[in-house]
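Let's take a friendly walk through a protein model together.

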There are 2 protein chains.
Amino acid sequence: MHTPNVLTWTETWRLLLLAGAGLGVLVNTFQGDGAPLIASIALTCISFAVAFSMIRWLGPVFIKAGLKGKDMAKPKKPEIPETMGAVCAVVYLLSLIIFIPFAFYKDIVAATSGGGNRDVVIGDQHIETGRYLHRFPHGKLASYLSGLLSLQSVVILGIGDDLLDIRWRHKVLIPAFASIPMLIVYFVDFGVTKVVVPVPLQGYLGDFIDLGWLYYMYMAAVAIFCPNAINMLAGINGIEVAQSLVIAVLLLFNDAMYLAPITPYPHPATDSHLFSIYFLLPFIGVSAALLCHNWYPSKVFVGDTYCYFAGMVFAVVGILGHFSKTLLLLFVPQIFNFLYSTPQLFHFIPCPRHRLPKFNAATGLLNTSVTEWTIPPSPFIAWILDLLHTLRLVRVTKDKDGQIIESTNLTILNLWLVWMGPMREDTLAWHMVGVQVLCGLLGLFIRHRLALLVFNSDNRTLQFMV
Amino acid sequence: MHTPNVLTWTETWRLLLLAGAGLGVLVNTFQGDGAPLIASIALTCISFAVAFSMIRWLGPVFIKAGLKGKDMAKPKKPEIPETMGAVCAVVYLLSLIIFIPFAFYKDIVAATSGGGNRDVVIGDQHIETGRYLHRFPHGKLASYLSGLLSLQSVVILGIGDDLLDIRWRHKVLIPAFASIPMLIVYFVDFGVTKVVVPVPLQGYLGDFIDLGWLYYMYMAAVAIFCPNAINMLAGINGIEVAQSLVIAVLLLFNDAMYLAPITPYPHPATDSHLFSIYFLLPFIGVSAALLCHNWYPSKVFVGDTYCYFAGMVFAVVGILGHFSKTLLLLFVPQIFNFLYSTPQLFHFIPCPRHRLPKFNAATGLLNTSVTEWTIPPSPFIAWILDLLHTLRLVRVTKDKDGQIIESTNLTILNLWLVWMGPMREDTLAWHMVGVQVLCGLLGLFIRHRLALLVFNSDNRTLQFMV
């Protein structure tokens with residue numbers, strides 16, 4: 001049986017120890033002002049343990065329910081459970097919900113002592129002026145809840161997609177629907193649609209420009225892009241989860257730079273980045289648990305649900321944490337992959353149903369997958385393909401008449417195989433992790449150093465910008 | 001083909017007209033102070049049209065995805081799509097999300113005029129004191145969002161149940177998990193855990209008693225009971241949706257009594273009941289759409305998802321609207337069904353996998369279904385069964401030795417068949433609707449008239465109680 005569904009004794013003890021330690025720490029954070037960051041780390045450990053066990057246990061149940069898929073890049077093409085990202089997502093959502101009182105413990109204490117306690121028989125004129133309530137940060141709570149709502153929406157729609165095999169052109173819009181709660185609460189509760197203008201343009205546009213509804217379009221675009229970008233860089237064991245983990249860890253690193261002692265408190269952006277940390281830590285926990293099962297050789301598949309869910313986590317922290325531009329700098333490989341794919345997405349070049357690299361059973365290595373030109377390309381497309389071939393951005397095969405009969409599929413994975421030659425599936429995944437890390441670090445360097453060339457200041461060091 | 005998946009021309013035009021009219025009204029509510037109630041009614045019409053069409057269109061897709069079931073109470077046992085409640089629920093959730101700006105339009109206008117507009121460069125000390133924000137009712141928004149979160153949670157877990165066939169003892173707890181967001185936000189944001197003491201006990205306990213964490217247990221119990229109660233009164237075409245619709249309409253009727261001109265504004269409970277109306281109206285819309293397809297003879301099944309979802313809608317409005325006791329008065333048939341079932345639930349009497357009435361293909365009528373006593377009952381159980389048989393609360397069959405060999409299953413549907421004799425499936429459903437309406441009206445009468453015997457006042461007429 002290729003999907004044993006019990007934990008080994010070693011695993012059981014380690015997970016129990018981890019979850020127990022997490023629980024102990026968690027309970028102890030209910031002291032003084034509370035320690036939300038510690039509580040979040042503890043919840044992350046518990047989430048890891050729960051997600052790890054649930055994924056193992058639920059394998060056969062998922063297979064029985066028909067949620068299964070064949071791993072085509074293995075000699076025996078084993079059938080393994082699919083859509084396991086949904087389990088991750090549910091554990092994650094529950095841990096974020098349980099975290100709410102920890103996040104606001106200090107405020108609850110403040111609001112319920114010294115006359116803050118609302119009484120049932122209090123005159124309603126007092127309630128309406130909010131005199132007793134002003135110390136509780138309802139805006140932050142609403143923002144947190146709206147992020148949760150968007151994540152839950154994407155999970156519901158993602159499960160629907162995994163079940164019903166929604167068509168490509170409808171799928172793309174799933175994150176758009178899911179981002180509605182976040183955007184609506186943003187509209188109702190914040191409505192900040194001004195952005196800082198780069199210095200060279202300030203003479204023309206002023207220091208700030210109010211983008212109005214364009215800003216909502218921009219946020220929706222970010223929310224649509226992130227999940228689909230992760231869904232597009234897929235096809236080999238572990239790649240979806242690994243890239244998401246790298247992005248999450250780099251975002252966490254960026255967030256940590258806004259915390260004391262690195263940045264003196266109170267800094268206006270500290271709260272936004274704490275918000276981001278609270279969303280990212282449990283995500284890292286459940287994703288790590290999933291990766292243990294999904295890394296080469298995969299015991300489970302993650303499903304579209306995971307890709308949408310992961311992308312939406314990034315969109316939520318980027319948008320509600322007000323650092324969506326920084327976020328996009330960490331998506332450089334995904335953006336490249338998307339742009340590189342466009343000729344196939346818009347059918348200038350034929351697009352087969354699956355473009356993942358092709359497994360060669362004889363060598364055990366992955367080769368590039370190709371588009372077959374049953375009808376030869378038009379002279380213009382042929383010229384472009386020849387040019388790209390010369391630049392080593394694609395590999396074309398010609399017949400004896402010089403007609404193009406095959407060209408490699410336009411994905412970053414195939415391009416890497418064009419450059420590096422056939423390789424093992426896990427080697428390719430490791431290489432992609434390396435690319436993601438390097439691009440991400442470069443992106444953060446650009447964000448905090450080179451951006452000073454076009455903006456007045458890095459918001460990490462100066463107080464007056466949020 | 002027994003599930004045609006296209007709308008007829010008549011249906012198309014009627015639905016387009018309905019949705020178009022709804023949309024027109026909706027857009028026009030963005031005037032003056034806004035008209036949230038009108039907007040909610042308009043959204044209800046649109047939700048009905050969307051849900052009606054989606055259920056029709058998605059039938060074959062659901063069947064292809066394996067979401068299907070056999071209707072055993074029909075001569076041909078047709079196979080029809082299952083879990084269609086999930087479609088309803090998604091349409092409902094989306095309409096509640098889209099409703100947010102309409103619900104708070106007046107407050108948005110108030111908060112963004114006259115210095116209420118937050119500026120990006122405003123000093124953070126101003127933000128923290130909330131001076132610019134106090135007019136926006138963040139508490140209400142948080143409460144609305146927490147209700148939405150709980151509903152989304154129950155939908156995710158309900159779909160999981162429908163897919164994975166979760167065991168009975170785990171299923172019961174699904175609403176408990178789903179109620180966590182609501183209870184946590186209640187804790188963080190309101191914390192009102194005092195209840196009015198009935199007059200005869202006020203001498204001992206005071207006018208109010210603070211139940212503390214017991215109140216949270218009570219709310220969790222309500223949230224667990226409502227969904228499971230609806231899930232338990234099931235088994236014939238249309239019964240789940242019909243009972244939910246009756247309860248929703250009666251709740252709406254109760255809410256309407258707190259609105260002007262019936263109750264003078266401002267009344268402290270008006271806002272709670274408006275909140276309830278906003279949640280109930282679109283629910284009635286999508287449920288009516290589902291009932292069109294699910295009423296005898298069913299073209300689709302609703303799935304556990306619908307039962308959990310419907311029950312959670314009631315739990316959310318009852319808890320967040322502060323009228324959970326009134327809510328329970330509308331659940332009298334469900335409470336009776338639950339209590340009547342307990343001997344089987346706790347296995348004092350054997351409990352077969354399904355207890356729904358049995359279809360007699362020869363007559364086309366539904367008969368009572370029975371438990372077979374392969375091992376004769378103990379003398380005590382036999383005595384109880386004999387007593388119940390005499391009281392006509394159960395029907396037992398004995399062999400020639402006087403040993404009980406069969407007894408009817410303990411559900412309200414079987415009891416009704418014991419009393420009224422075999423009947424058509426739709427007649428039974430109509431009878432149940434009648435029972436639900438009568439019990440509900442009686443319950444509301446008790447709530448507003450007889451409760452005055454043990455409480456000082458009906459909160460509909462007096463100002464000082466919330």
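Over all chains, the count comes to 16 salt bridges, where a salt bridge is a side-chain nitrogen of Lys or Arg within 4 Å of a carboxyl oxygen of Asp or Glu. This is a predicted model, in which local features need pLDDT of at least 70 and side-chain atom pairs count only at pLDDT 80 or more, while totals for chains, interfaces and linings use all residues. Residues are numbered from 1 along each chain as its sequence is written, chains are lettered from A and ligands numbered from 1 in the order in which they are written, and side-chain values use heavy atoms, leaving out hydrogens and water.

Side chains of opposite charge can pair when their charged atoms come close. Here are some of these pairs:

| Salt bridge | N to O distance |
|---|---|
| Asp161(A) and Lys171(A) | 3.7 Å |
| Asp271(B) and Lys140(B) | 3.5 Å |
| Lys171(B) and Asp304(B) | 2.9 Å |

Which helices hold Lys171(B) and Asp304(B)? Lys171(B) sits in helix α7 (residues 168–171) of chain B and Asp304(B) in helix α13 (residues 303–320) of chain B, 133 residues apart. Helices here are DSSP runs (H or I, at least four residues), numbered from the N terminus. Both Lys171(B) and Asp304(B) are buried, meaning under 20% relative accessible area, with exposed being over 50% and partly exposed in between (1.4 Å probe, protein chains only). Asp161(A) and Lys171(A) are buried too. By contrast, Asp271(B) is partly exposed, with a relative accessible area of 31%, and Lys140(B) is partly exposed at 42%.

Now for a helix in chain A. The 18 residues of α13(A) (residues 303–320) should span 26 Å at 1.5 Å a residue, and the end C-alpha atoms are 26 Å apart, which agrees; the expected span is 1.5 Å times one less than the number of residues. In α13(A), 18 of its 18 residues are buried. Just after this helix, His322(A) takes a positive phi of about 60 degrees.

How values were computed
Helices (H or I, at least four residues) and strands (E, at least two) are DSSP runs, numbered from the N terminus.
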